[in-house]
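Hi everyone, thanks for coming. Let me put the model up, and then we can walk through it together.

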Amino acid sequence: MYESDKSRVAWLKALLLLFSAACIALLLLAAFKENFTAPWRAYQARYAELLAEQAQAAGTAERDYPIEIRQAFLAEWGRVDRCVTCHVGIDNPAFKEQPQPLAAHSGDILKYHPADKFGCTICHQGQGRATDKDAAHGNVPHWNEPLLAGDFVQATCAKCHRDDEVPQAPILSRGRLLLRELGCVGCHRTGNVVAREKAGPQLDSIGSKVSQRWLIKWLTDPKDYLPKGKMPHYDLSPDAVSALAAYLMTFQNDSIEDSPLREGDYDEGATVYREAQCIVCHVTKLDYAENPVGGEIGPNLLKIGNKINQRWLFAFLKNPHSFLPYTKMPGYHFSDKEALDLSQFAVEEWVDYDLLDAEEKEPEPPSGTPEQIRQGKALYAELGCGACHRLGDEQTKPTGPDLTFIGSTPVHLLPFGDADVRHTVPDFLYTKLKSPKALHYESAKMPDFHLSDEDAKALTIALMSLSEVGAPSRRFEVPKRPKIIFNPKDEFGRLERHYRCLSCHKIRDSGELLASDLTLEGNRVNREWLYHYMNKPYSMRRTLTIAMPIFHFPDDESRLMADYMAHVFVDSRLGAAWRLIRDQAVPQRGKALFDAKGCIACHQLHGTGGDVGPSLTTQVPEFPHGTWVGDKLKGEWIYPWLKNPQALLPESIEPNLGLSDQEAIDLTAYLLTLKNPEFQKPAIQKSKVQKDAEPQEKK
Amino acid sequence: MPSGSSESTHSAKPSDGASREGDTVASCGALRRLGRNLLDTPRQFRDSLVRHGRPTSDRAASQAVFHNLFLHILPTRIHRYSLRIRATLGLGVITLALFFLLVITGVALMVYYKPSPEHAYNSMKEIHNVVPTGRFMRNIHRWAAHGMVLCVILHMARAFYTAAYRRPRQFNWVVGMLLFILTFTLSFTGYLLPWDQLAFWAVTIGSEIAQSPREVTDALGITSWCDIGGLQKQLLLGANHVGPEALIRFYVLHVMVLPVLMCILLALHFWRIRKDGGLTRPADVDEETPQRPAGDKDMGGPTANISKTYGLMAVVRGRTPAVDRSLVNTIPTYPNAFYAIAALSMFTFFVMLCLGHLFDAPLTERANPAVPENPAKAPWYFLGLQELVSYSAFAGGVGVPAIVMLGLMLVPYLDRETTDTGVWFGGPKGKRVCLASAVLTIVVVVGMLTFTVNVGWLRNWLPDIPQIVITLINPGSVMLAIFCAWSLIITKRTNSTRMGALAVFTCFLFAFAILTYFAMVHRGPNWDFFWSQSDWPSH
């Protein structure tokens with residue numbers, strides 16, 4: 001060989017050696033990374049250390065803690081969750097106070113959702129198969145289920161908890177309620193979240209109801225006029241508003257337009273206003289600090305004086321359900337005079353000074369030209385007004401995107417535009433809800449709901465729950481609790497629909513809990529008391545501002561309702577225990593117990609005592625007989641109530657005193673002795689319902 | 001026999017043992033013998049493994065190569081010129097090294113990979129997350145696959161520009177073309193296996209291209225009884241859509257059929273290199289024969305004897321190392337070429353291991369037929385075709401590439417000139433032709449893309465035009481026609497088929513590069529033009 005060849009071969013050998021060594025080094029580096037540098041090894045080592053310390057402190061023997069990949073294999077879900085490889089202390093109660101990743105799970109959720117059955121990512125999302133933090137938490141590209149932070153984890157409850165209301169997930173439940181109430185479901189399909197009726201009022205007689213001036217102001221910026229109103233802000237141009245108003249004003253009710261304009265008596269109207277308890281449902285005044293006072297069930301009335309057509313209001317008060325079939329407003333038995341006086345009171349009391357000012361300064365807006373009306377009609381359809389409002393026989397289709405699976409939409413399909421938000425589905429939804437135009441194109445159709453942070457979050461969580469990812473089998477699903485809708489076809493049902501009892505009361509699963517739950521009213525109160533109360537309701541708590549309106553029920557109606565409630569709203573199982581042992585009761589011992597337990601701190605007895613709970617010996621001028629607890633309540637209610645108030649009414653603040661059976665019956669017997677000597681049982685005529693019910697009771 | 005001496009040493013040993021056997025006492029001798037044999041086993045084993053000693057002479061070195069199954073694919077002697085970097089750029093060796101790496105990492109991945117739609121993606125995640133060094137292995141496999149495609153293209157270009165396809169190597173060029181196609185197919189079949197969105201939609205695009213002959217049969221109205229496109233897609237996918245059948249087909253092709261074919265063709269490729277007279281080199285390279293230093297005994301001098309010897313060893317056609325004075329310029333493969341190959345291979349491994357450590361192979365979301373990727377892009381090496389496909393599926397996906405491949409295969413049979421073989425670009429004139437072709441290609445392709453992006457194509461002006469017209473006249477076919485015309489002009493003007501071949505190859509190569517770049521960077525959702533990805537519409 002030539003020298004040059006020799007030296008080249010030597011060079012090549014050297015290079016071969018160098019690269020071989022480098023390759024071996026890189027392979028060793030891979031092995032090293034694999035076996036030593038993974039952070040989870042350090043976490044588990046720390047965990048083992050802490051375990052050893054605890055064992056030492058407790059004087060028990062140390063156990064060897066192997067450092068290895070740990071996982072929950074969820075065959076049915078097709079998932080492997082290795083979260084416990086880092087979060088090793090997740091089910092160790094002794095690690096409650098440790099910082100992450102060693103901390104134990106908060107609450108007792110793992111008790112009901114065992115980790116071997118549910119793993120971690122079913123609820124928290126993230127990437128269960130990964131073993132490094134960013135990938136496992138799903139904060140990496142190409143993983144569509146990033147870890148849900150904080151309350152957002154409630155979104156995944158819906159995988160199994162199919163009910164609209166999930167008590168353990170209040171924000172999710174609230175969000176689903178909002179989806180319905182704000183009319184989201186009018187424009188968007190949202191899977192199993194559907195609304196029974198439209199979110200806004202029917203517009204069939206809008207032209208006879210409101211002034212055009214008001215309508216223009218309202219359409220321009222409803223949130224400015226009524227910040228708490230449901231109507232969202234569409235950001236319309238003045239021309240568009242005029243056209244829309246012109247179109248809507250064409251919908252008039254001929255009988256109202258033809259009725260004569262009359263004037264009522266303001267003062268008489270004020271009395272009607274008080275008796276009808278309008279304030280329970282409507283904001284009707286401001287307190288000294290300019291805060292609105294009144295309920296939020298019905299619309300705010302503070303500025304309707306210059307909005308409403310008094311002739312429409314009169315007709316509405318006479319028969320509200322013919323105008324708004326789904327309203328919560330009860331039907332009152334107003335006479336023509338009462339209705340007229342109340343309408344007079346309304347337009348004089350609740351003046352809108354801005355509109356009044358405008359009325360004086362500016363000319364009446366011109367009625368719409370045919371061109372404007374045509375434009376308005378097109379606009380009405382384009383904006384999707386029909387999603388929330390009924391107008392004639394018009395059929396509407398959802399105009400917004402389908403949100404049935406919005407929660408599992410791949411994030412790159414969402415139109416983020418240039419918005420400076422984190423690219424995740426919840427961030428998108430929250431930003432979009434808070435300000436619909438912020439995210440992408442100016443032409444976004446969705447109006448601005450001016451949502452509060454809490455509401456936007458609740459809605460985001462509800463939308464996140466609309467996911468393609470569901471439980472793998474029925475076995476996991478918590479079935480929808482069948483709802484017992486109270487809607488009987490009998491006479492009581494007719495009365496309920498007229499007085500809209502369910503706007504305030506709850507019966508089984510229907511209605512609102514603004515007033516008492518009537519489901520067990522027959523177990524709770526005596527029929528006689530009920531009859532009196534229906535005739536002249538009063539408040540048993542001086543601190544309460546709201547009370548039942550005085551409906552002036554006709555006598556046969558109040559009798560029928562009292563009988564119906566006493567005999568139908570009964571659970572016969574509730575009274576069984578009391579009836580078995582009531583003979584062993586000793587009222588005197590009950591009185592001693594009453595004094596010993598300090599009941600008087602919250603309840604009044606003969607004028608002394610606290611104001612927290614209802615008085616036990618009510619004396620009110622409106623109800624001359626008075627009702628004491630012994631006259632009103634039944635033993636079969638008091639006894640289980642004393643044993644466990646929250647079992648009967650979960651919201652009750654009555655303390656559970658942990659009374660023994662004997663103590664409870666003694667106390668019950670004592671309370672039953674508290675009867676008003678003045679109270680006379682009126683010999684009320686039995687209604688048909690009671691006659692039917694009595695023989696059954698004997699059986 | 002050149003190996004006679006070493007064989008005689010081997011045969012001597014048993015007779016040694018036999019004589020010792022006779023000397024020892026039978027009763028206790030066998031046990032002692034067993035003990036001695038046991039002690040002697042390592043040396044015996046080494047001798048049986050490497051049947052010759054350390055190669056101390058050229059001849060022994062040649063035997064080392066000749067007697068070794070793995071080395072004997074190399075000739076025993078190699079021309080000095082072939083060892084120069086500029087002769088080959090080492091591209092063939094790098095490609096082979098990458099193939100080795102792919103086989104090794106591929107087998108490792110096969111252990112954990114499960115070829116079914118339910119488990120494929122999860123098994124990829126397992127390989128990434130919990131399989132010891134699984135992610136590292138997959139990274140290497142991925143980057144080596146891309147690297148191999150790139151090196152195959154460059155290797156082909158090298159072979160072309162040094163006219164290595166010429167007689168007697170015409171057939172080896174054809175084998176090389178087949179290997180080129182095989183490499184692309186291997187890479188493409190591997191693309192589907194992760195079963196992620198990237199894979200799923202890239203393969204969907206690929207299967208649409210396979211179906212594109214339907215464009216022609218539709219135009220001719222014969223699809224109902226001669227649906228070649230549909231048949232091709234059916235054969236590829238085993239169904240109408242990418243699904244479990246397609247996955248298992250791709251898997252079988254990727255891990256068995258294609259690698260076996262690859263090995264066979266590789267063996268043929270290497271064998272032909274030897275039989276066709278080694279690597280190409282310029283005809284005048286031996287004129288600069290170095291002076292032999294005095295006292296160099298090994299070579300034995302260029303005598304008739306030696307030429308005979310080599311003639312026995314390797315029956316070769318054409319100019320061989322064993323004739324004339326070129327023998328003087330050959331050197332033993334071992335250690336000269338051996339260490340060069342080993343060092344280059346090891347360097348390739350080193351680069352790939354580095355890439356494996358530094359960059360993770362992509363793994364996007366699980367394949368979801370309901371959520372199309374927009375844009376759905378094919379693997380990078382098919383993007384140039386995809387750009388042409390956007391005008392006409394058949395022309396871009398089947399017609400143009402088939403003509404190009406066929407044309408390239410025919411080149412050795414059309415260009416039969418013999419001058420300047422082994423010279424890069426065939427000399428200064430060829431360089432000028434290549435440069436001119438490159439400039440022309442850039443102008444034509446960029447111009448064509450600018451035109452179609454800004455103005456559109458036939459369909460934009462004549463909405464009712466029959467599809468067959470577009471199949472025939474589309475940017476792909478027009479560019480192909482321009483390149484062919486250019487090649488013919490060059491052939492005529494230079495009066496050289498070699499120049500024409502250089503021109504057309506340069507055009508193809510540059511067009512491929514520009515189209516690939518354009519489709520990779522400037523095509524966005526709906527295959528619309530964008531200056532950069534940041535301009536893509538958000539929805």
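Let's start with one residue: B:Arg167 is exposed, with a relative accessible area of 70%. By exposed I mean over 50% relative accessible area, while buried is under 20% and partly exposed lies in between, using a 1.4 Å probe and protein chains only. Before going on, a word on the source: this is a predicted model, where local features need pLDDT of at least 70 and side-chain atom pairs count only at pLDDT 80 or more, while totals for chains, interfaces and linings use all residues. Residues are numbered from 1 along each chain as its sequence is written, chains are lettered from A and ligands numbered from 1 in the order in which they are written, and side-chain values use heavy atoms, with hydrogens and water left out.

Back to our arginine. B:Arg167 sits in the loop between α7 and α8 (170-192) of chain B; helices here are DSSP runs of H or I with at least four residues, strands are E runs of at least two, and both are numbered from the N terminus. Its C-alpha atom is 8.7 Å from that of B:Tyr413, a residue 246 positions away along the chain.

Now chain B as a whole. It has 21 helices and 2 strands, and buried residues make up 49% of its 539 residues. Taking contact as heavy atoms within 4.5 Å, we can look at contacts in chain B between residues at least 6 apart in sequence: 77% of them join residues at least 24 apart.

On to the interface. How many residues of chain B are in contact with chain A? There are 40, and they meet 36 residues of chain A. The buried area between the two chains is about 3,400 Å², with carbon and sulfur atoms giving 63%; that is the accessible area (1.4 Å probe) that two parts lose on being put together, summed over both. In chain B, the residues losing the most area to chain A are B:Asn129, B:Tyr339 and B:His357, together 16% of what that side buries.

For those of you who like charges, the rule finds 4 salt bridges across this interface, each a side-chain nitrogen of Lys or Arg within 4 Å of a carboxyl oxygen of Asp or Glu. One of them pairs A:Arg129 with B:Glu126, the closest N and O atoms being 3.3 Å apart. As for helices, α6 (117-129), α7 (134-161) and α14 (333-358) of chain B each supply at least two residues of the side that touches chain A. The largest share of that side, 13 residues, comes from α14(B).
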